[in-house]
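Keep the model open beside you and try each task before reading its solution.

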Amino acid sequence: MKKKKPIIALLYDFDKTLSTMDMQNYSFIPRLGLSPDEFWAKASEYTNKHGMERTLSYMYAMVSEAKARNIKLNKKLLEECGKNIEFYPGVTTWFKRINDYAAKKGIVVEHYLISSGTKEIVKGCAIAKEFKEIYGCEFYFENGVAVWPKFVINFTQKTQYYYRVAKGAVDPNDDDGVNKKSETHRIPYRNILYLGDGITDIACMTVVKKNDGHSIAIYPGDESNKVKQILLDNRCNFIVKGDYRANSDLDKVVKNVIDKIAIIEDIEAQQKILAEK
């Protein structure tokens, strides 16, 4: 019988983890004739004045600001807004490199996106095809135009998708699968890595780390101070610069974790063989 290869899951935030800034900043906000500061101030105003949840605030701002300018906020427009997204160095070649490295160790890697950003925008970007599943905020469309949030993921809800990936209950509406008690998971918790950039990722980082996985906090440029407290608070395993190129610190960290998991998997397989003799 052919041995089933172990699986490692890499879970990613998107904004400022893979991309250099919020995904709406590249094309969507300029189409409104606003600066990013102006748009996000309007979104924050809904939260500050009306107590609206922050993720819902930005989604409402997208709908209301587009409507005010007679811009049809449809799927085509949103996907087009994904085409100009800029990524940290090495991101576009990262997935294949990591997959190939893991394959040499007898490991299969699956990539999942868990973002509070706009899924319709992500689907138009250059790396959308790299993810096994994309979890993000989605709009409900009437007559082809976005009118209401259909799906929302805020920073605490991200942890739900961690459990979904581990259990193999990847359909976001599979409540039975994600809540079902199981002694074994499709992907062991220790085989999960989470990459995020800050405060909105802390809940997921903490859960992954506490369950013997590995959490990695990404920072832009030389601004390590933006995530250093997460490490000092013992909520992540590593802080690294947003550089996904070969031989970068991030590249080395992830490959070392893959090596570690491969060794553990080999030891456990050997123990099982010896126990059955």
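**Exercise 1.** In which order do the seven strands form the open sheet?

*Solution.* A starting note: this is a predicted model, in which local features need pLDDT of at least 70, side-chain atom pairs count only at pLDDT 80 or more, and totals for chains, interfaces and linings use all residues. Residues are numbered from 1 along each chain as its sequence is written, and side-chain values use heavy atoms, with hydrogens and water left out.

Step 1: Find the strands, which are DSSP runs of E with at least two residues; helices are runs of H or I with at least four, and both are numbered from the N terminus.
Step 2: Pair strands if DSSP finds at least two bridges between them.
Step 3: Read off the order, β4-β3-β2-β1-β5-β6-β7, with mixed pairing.
Step 4: Look at the edges: β4 (145-151) and β7 (238-241) each have a single partner strand, so one side of each lacks a neighbour in the sheet.

**Exercise 2.** Describe how strand β6 meets β7.

*Solution.* Step 1: β6 (residues 214-219) runs parallel to β7, and four bridges join them.
Step 1: Within this pair, Y219 stands opposite K241 of β7.

**Exercise 3.** How many disulfides are there?

*Solution.* Step 1: Look for a pair of cysteine sulfur atoms within 2.5 Å.
Step 1: The count is zero.
Step 2: Check C137: the nearest cysteine sulfur, that of C204, is 14 Å away. C137 is also buried (under 20% relative accessible area; exposed is over 50%, partly exposed in between; 1.4 Å probe, protein chains only), with a value of 0%.
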